[in-house]
Amino acid sequence: MKSFNMACLFFTAAFLTQTGWADVPMKSWGKPSLQGNWDYRTVTPFQRPAAFADQEFLTPEEVDEFETAVRNGRAARDAREFDGQASQSDVDVGYNSFYLDQGTTMTSTMRTSQLIYPENGRLPPMKAAAREAGAYFRALQSRSPQGPEDRNLFDRCILGFNAGPPMRSGAYNNMMSLVQTEDYIVIQTEMVNDHRIIPTDGGEALPSDMRLWKGDSRGEWEGDTFVVTTTNFTYLSRFNGTGENMTLTERFTRLDEDRLEYEYTVDDPESFEDKWTAVVEMKATDADLFEYACHEGNYAMPLMLSGARKQEAAGIEDDTWLPSWSR
Amino acid sequence: MKRQQNLIKPILLSALVIGLVSCSVEVETDSAPSSLPTTETAAPTIAAAAPDLNGIWQALGSASWNLEGHAASKTPVTDVLGALAGIPAGMSVVEGGTIPYLPAALEQRNANREDWTNLDPVAKCYIPGIPRLTYIPFPLQIFQTESRVFIAYEFGGNSRTIHMNRPGTEAPIPSWMGYSLGHWEGNTLVVDVSSQMADTWFDSAGNFHSGALQVEERYTPVGESHLLYEATITDPEVFSRPWKIRMPLYRRVEEDARILEYKCVEFAEDLLYDHLRQGYEGPRNLDGTTRSATDDPSDL
């Protein structure tokens, strides 16, 4: 009965959207308005937790239950001791709860995971080369850094860990803004203060030897959905283990006044045995984006490097540079 | 509201960049409103009477080196890059020729100029602020909608929103790019920029301002392919009166013109962190050899 109700709900939503009955603001040139500020905080797990095994959707009661469990889990974490030395009220792991802003609600898809393909809501297996690359970068970031390039792009303030592409809810600054003209849609991410300019007519692809940190994004409308294809990443622009030859396809669909569906597919046959697809519904917000001046305030980088030099001078070899929560 | 409670966080977070490979840890935060009003609804892109400023634009000239008139000169890296590393000459873009400093501020400007290679915030890849981002020698792209004009700058991946529909409002906190409120006066887009940090310079020649800086920008189309850019600088803590710069912005007319990435961090890292690298022995040549004052010139 439950699955029937869910199917019915989604069919109805799809019908309303397709026929323009839903409350979707339109631009004067006949395309849905995507412009505005969007909040993509969510507690919906990226991959489906084992507890939900074959369950794709939750009931409203189960959503409540899950959100309560997340809140309780956070409270417990706040009170927990880390490394047997410091409490979570200290900044032992880089951040305590004061700094984190991940939302408290599941995404309105009511799904058990952001991943919707493969059908089990779990990432497909990685290929051997990609596992090796992952191990290399993990080892690099475990050792005391020889220079700034040893740290990842997020530590260097070159990319934002949740700003993508693709965008995925992370520790904080889960906000982005879309600016829309007939010819372009611009994505401005709050995290690391960055933007992507996407032509709506597909544009000309860059030659494959021109690699960009955020890749080369080109867009087109498929009906009322704006579809963005991004290629030409650098080998350092890694998203969950992807490599430089990933093709990323993002689909933006405005569902109504308050919701923007954001679906993306990662196609990286060099790194994964299969494609994978995730979906969330972003929420419209009146809040402005703040200027996340990451590099300007990056006191951590010189401190890490001088700490590493100090260890060297003392003859200390240290391979524990991963933050304690990720070990 | 959640966002208001968090005003202080962006500042603190900026100072605490730690390696978050994946940030899916779960920790308590305040709850967000379940249904938030949307920011913008359907509207024509551009007000009927407003000119169309959409496009890719770029300043020519060497104002970002020095707003005032200057002859060509050396940078400290001519020994590595030769003629590529000279500063081109330029006529003053300041109305009247010189910037009207208060006496103490002029001394500060001159001290800045003495040590500009260590002090110019843009050399460190810090956000250049307004007006410098306009005439830094990289393109910018204007996206014009009724409620906001968005400018994307190639340099550093910076950008700003010019709000067209909220006159009289103020920024909650200062920022490197400040807070921009726009309106149309005839064919001219007028932008009032406030709340900029005191840390930016106008150029590499030490010309500076305080946190009291107010900038009024004016973008006026002059034919299909030019904008006249004017900026009036008001800062009573540094200048004896408001002063004005003006220059054309040229439309990038190439069919394939586009804003690319100039993520300046990777270039500034050498300047900022070289001395903290493992095995640092001093500045290096492009071929990786160490540059040393004691090098024997007869080896060359």
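Two residues are in contact if their C-beta atoms, placed from the backbone, lie within 7 Å. The views below show a predicted model.

**Figure 1. Overview of chain A.** By the contact criterion, 63% of the contacts in chain A with a separation of 6 or more are between residues 24 or more positions apart. The secondary structure of chain A consists of four helices and twelve strands. Of the 327 residues in chain A, 41% are buried.

**Figure 2. Overview of chain B.** Chain B contains seven helices and eleven strands. Of the 300 residues in chain B, 35% count as buried. Among its contacts between residues at least 6 apart in sequence, 60% connect residues at least 24 apart.

**Figure 3. The largest nonpolar core, with residues from chains A and B.** This core has 96 residues, and those with the most contacts inside it are V186(A), Y262(A) and A152(B). Strand β12 (residues 276–285) of chain A gives the most to this core, contributing six residues. A second, separate core has six residues, including M301(A), A308(A), Y273(B) and L276(B). In soluble globular proteins, nonpolar side chains tend to be buried together.

**Figure 4. The surroundings of A152(B).** Leaving aside residues up to four places away in sequence, A152(B) touches V186(A), H195(A) and I197(A) in chain A, and L140(B), Q141(B), S159(B) and I259(B) in chain B. Both A152(B) and V186(A) are among the residues with the most contacts inside the largest nonpolar core.

**Figure 5. Helix α4 of chain A and its two faces.** Helix α4 (residues 300–313) of chain A has 14 residues, which at 1.5 Å a residue should span 20 Å; its end C-alpha atoms are 20 Å apart, in agreement with that expectation. Within α4(A), the residues M301(A), M304(A), L305(A) and A308(A) are buried. These residues lie on the same side of α4(A), because they cover an arc of only 95° around the axis. The face turned away from this buried side carries the exposed residues L303(A), K310(A) and A313(A). Among the elements that cover the buried residues of α4(A) is α7 (265–273) of chain B. After α4(A) comes G315(A), which has a positive phi near 75°.

**Figure 6. The closed barrel of chain B.** Nine strands of chain B form a closed barrel in the order β1-β4-β5-β6-β7-β8-β9-β10-β11, with mixed pairing. From one strand to the next, the twist averages 30°. Strands of a sheet pair through backbone hydrogen bonds, either parallel or antiparallel.

**Figure 7. The hairpin of β5 and β6 in chain B.** Strand β5 (residues 148–153) of chain B runs antiparallel to β6(B), and five bridges join the two. In this pairing, F150(B) has T161(B) of β6(B) as its bridge partner. Five residues stand between the strands of the hairpin, where G156(B) takes a positive phi near 75°. Strand β6 (residues 159–163) of chain B is mostly covered, with four of its five residues buried.

**Figure 8. The pairing of β6 with β7 in chain B.** Two bridges connect β6(B) to strand β7 (residues 179–185) of chain B, and the pairing is in the parallel sense. Opposite I162(B) stands S180(B) of β7(B). The bridge partner of H163(B) in β7(B) is L181(B).

Notes
Residues numbered from 1 in each chain as written. Chains lettered and ligands numbered in written order. Predicted model: local features only at pLDDT ≥ 70, side-chain atom pairs only at ≥ 80, totals over all residues. Buried ≥ 20, exposed ≤ 12 C-beta atoms within 10 Å, placed from the backbone. Core = buried A, V, L, I, M, F, W, Y, C linked by C-beta atoms within 7 Å. Expected span 1.5 Å × (residues − 1). Arc of directions from axis to C-beta. Pairing = 2+ DSSP bridges. Axes fitted to C-alpha atoms, helices over the stretch in contact; angles between N-to-C directions.
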